[in-house]
Amino acid sequence: MRRYAQRTAGMTASEIRALFSVASRPEVVSLAGGMPYLAALPLDSLSAEVGQLIAEDGLVALQYGSAQGIPELREQICEIMALEGISAHPDDVVVTVGSQMALDMVTRIFCDPGDVVLAEGPSYVGALGSFAAYQAQVVHVTMDEHGLVPSALREALASVAASGRRVKFLYTIPNFQNPAGVTLAVERRAEVLEICAQHGVLVVEDNPYGLLGFDGQIYPALRSLDADNVVYLGSFSKTFASGLRVGWVLAPHAVREKLVLAAESATLCPPTMNQLMVSRYLATHDWKGQIKTYREAYRERRDAMLSALDQYMPAGCTWTKPDGGFYVWVTVPEGVNTKAMLPRAVTQRVAYASGTGFYADRLGSRQMRLSYCYPTPERIREGVRRLANVLGDELELYNTFGSMAGREVSGPESPSPNTA
Ligand SMILES: Cc1ncc(COP(=O)(O)O)c(C=O)c1O
């Protein structure tokens with residue numbers, strides 16, 4: 001153990017990863033993962049496209065490429081971002097291996113150990129993992145149903161400054177947030193940017209779900225309002241196919257240089273084959289129609305989840321009502337610890353992601369994230385019904401025996417799904 005670098009101390013398996021093996025058992029309804037509903041893709045025509053790609057362009061597709069990504073794709077990415085009001089030049093786009101790699105690179109180039117990153121509370125577990133891996137400290141900023149609260153952002157900045165630490169950037173997921181499912185109100189966007197600019201704090205805008213608004217609504221990207229102080233992260237994972245691992249960063253010119261160097265040292269170049277495949281798909285398929293198909297599938301699932309929550313959940317539970325994306329964030333009554341309850345839920349053949357994984361400071365024990373992206377509407381209803389039964393039992397125990405203190409989980413961070 002002593003041979004590991006100190007930074008590995010911050011690297012622990014996320015609770016969600018630990019869950020994947022159980023959640024994939026067929027008898028378990030998994031409301032835990034964030035896997036896109038790929039069955040909505042036109043697999044036949046995609047398969048023909050891949051064959052054609054190799055036949056016509058194989059020597060390029062299977063070769064190394066530029067660290068910044070292929071130019072055609074970077075141009076197409078600019079067209080996609082224009083839908084959110086962003087005006088960008090392909091030179092300022094860096095293609096990445098999913099936006100997860102972008103998160104790693106951004107943290108790597110900006111954060112020294114002990115630097116502070118502000119992030120919504122709760123926030124995306126993969127981002128928290130990257131911040132921990134570079135020994136950055138996360139300070140959470142409160143959200144309400146309209147997203148990040150500007151006054152809470154000011155307070156967080158003041159309290160970090162008072163403690164003598166440096167804030168390197170604000171990490172925010174403005175649209176259909178993971179895990180909370182809320183969206184930053186359009187009226188708040190300029191204010192958030194202004195506060196950050198006043199304090200010399202960069203904004204990292206992570207926007208994988210922005211085109212998945214159920215009414216087709218597209219919110220203006222923060223980057224569209226401030227080109228100089230926002231690093232924008234995009235991804236094809238939710239709008240096309242997550243397994244291709246193609247995402248991107250749009251950064252101010254000077255930052256872009258460092259990002260390319262960081263990308264080069266991590267992977268030499270993003271996979272040429274996958275980039276060409278995405279590029280051809282965008283050129284030859286009705287990709288906007290595909291996004292609409294996804295939106296409709298997710299909307300139907302969201303509706304199934306919200307109506308099942310209304311019908312089955314015990315009194316005292318509350319939840320967010322997303323108008324896009326993949327997730328509902330549930331708060332349970334006092335007395336229930338969602339992390340401690342998870343093995344019992346899995347025994348009852350339902351899985352969720354407990355709230356603690358979405359906070360760097362282990363808050364969230366009365367919250368859970370439910371994903372509606374993958375199971376069918378019928379399975380979602382059944383999953384929520386089972387979950388409500390488990391919660392009902394927990395509450396009955398609490399009401400009978402009082403404090404659950406003796407039943408809190410201690411020890412390793414990740415719950416052991418095998419206890420089920
Ligand atoms: C907010 C957020 N950012 C980034 C990612 C990573 O996406 P990618 O597949 O592009 O690496 C996810 C995936 O769930 C996410 O929800």
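In this predicted model, helix H12 passes helix H14 in a right-handed crossing. The axes of H12 (residues 287–312) and H14 (residues 377–401) come within 9 Å and cross at roughly 25 degrees. Angles under 35 degrees count as roughly parallel, and H12 and H14 are therefore roughly parallel to each other.

**Helix H12 against helix H14**

- On the H12 side, the contact is made by Glu-300, Arg-301, Ala-304, Met-305, Ala-308, Leu-309 and Tyr-312.
- Facing them in H14 are Pro-377, Ile-380, Arg-381, Val-384, Arg-385 and Ala-388.
- Sorted by class, the contact of H12 with H14 holds nine nonpolar and four charged residues, with no polar ones.

**Helix H6 against helix H7**

- Helix H6 (residues 150–162) and helix H7 (residues 186–198) have axes that come within 10 Å and cross at roughly 10 degrees.
- That angle makes H6 roughly parallel to H7.
- H6 brings Pro-150, Leu-153 and Arg-154 to the contact, while H7 brings Arg-188, Glu-191, Val-192 and Ile-195.
- By class, the contact of H6 with H7 has four nonpolar residues and three charged ones, and no polar residues.

**Helix H3 against helix H11**

- The axes of helix H3 (residues 71–82) and helix H11 (residues 272–284) come within 9 Å, crossing at roughly 50 degrees.
- With that angle, H3 is oblique to H11.
- H3 passes H11 in a left-handed crossing.
- Look for Glu-72, Leu-73 and Gln-76 of H3, which meet Gln-275, Val-278, Ser-279 and Leu-282 of H11.
- This contact of H3 with H11 has three nonpolar residues, three polar and one charged.

**The eight-stranded sheet**

- Eight strands form an open sheet with mixed pairing, in the order S2-S9-S8-S7-S6-S3-S4-S5.
- Strand S2 (93–96) and strand S5 (147–148) are the edge strands, and each pairs on one side only.
- Four bridges link S2 to strand S9 (residues 247–250), and the two pair in the antiparallel sense.
- Helix H10 (residues 253–267) lies across S2, strand S8 (230–235) and S9, and runs at about 25 degrees to S2.

**The four-stranded sheet**

- S10 and strand S11 (residues 327–331) run antiparallel and are joined by two bridges.
- Trp-319 has Val-330 in S11 as its bridge partner.

**The shell around the ligand**

- There are 14 residues around the ligand, and those that come nearest are Gly-98, Ser-99, Gln-100, Ser-235 and Ser-237.
- Helix H4 (residues 98–110) supplies the largest share of this shell, with three residues.
- By class, the shell around the ligand divides into ten polar residues, three nonpolar and one charged.

**Backbone details to check in the loops**

- The peptide bond from Gly-121 to Pro-122 is cis, with omega near 5 degrees.
- Pro-122 sits in the loop between strand S3 (116–121) and helix H5 (125–133).
- Asn-178 and Pro-179 are also joined by a cis peptide bond, where omega is about 15 degrees.
- You will find Pro-179 in the loop between strand S6 (167–172) and H7.
- Phe-176 is placed in the loop between S6 and H7.
- Although Phe-176 is not a glycine, it has a positive phi of about 50 degrees.

Definitions and conventions:
Residues are numbered from 1 along each chain as its sequence is written. This is a predicted model: local features need pLDDT of at least 70, side-chain atom pairs count only at pLDDT 80 or more; totals for chains, interfaces and linings use all residues. A residue is near a molecule or strand if its C-beta atom, placed from the backbone, lies within 6 Å of it. Ala, Val, Leu, Ile, Met, Phe, Trp, Tyr, Cys and Pro count as nonpolar, Asp, Glu, Lys and Arg as charged, and the others, Gly among them, as polar. Axes are lines fitted to C-alpha atoms, for helices over the stretch in contact, and angles run from 0 to 180 degrees between N-to-C directions. Angles under 35 degrees count as roughly parallel, over 145 as roughly antiparallel, 65 to 115 as roughly perpendicular and the rest as oblique. A crossing is left-handed if the near helix is turned anticlockwise from the far one by less than a right angle, and right-handed if clockwise. Two residues are in contact if their C-beta atoms, placed from the backbone, lie within 7 Å. Two strands pair if DSSP finds at least two bridges between them.
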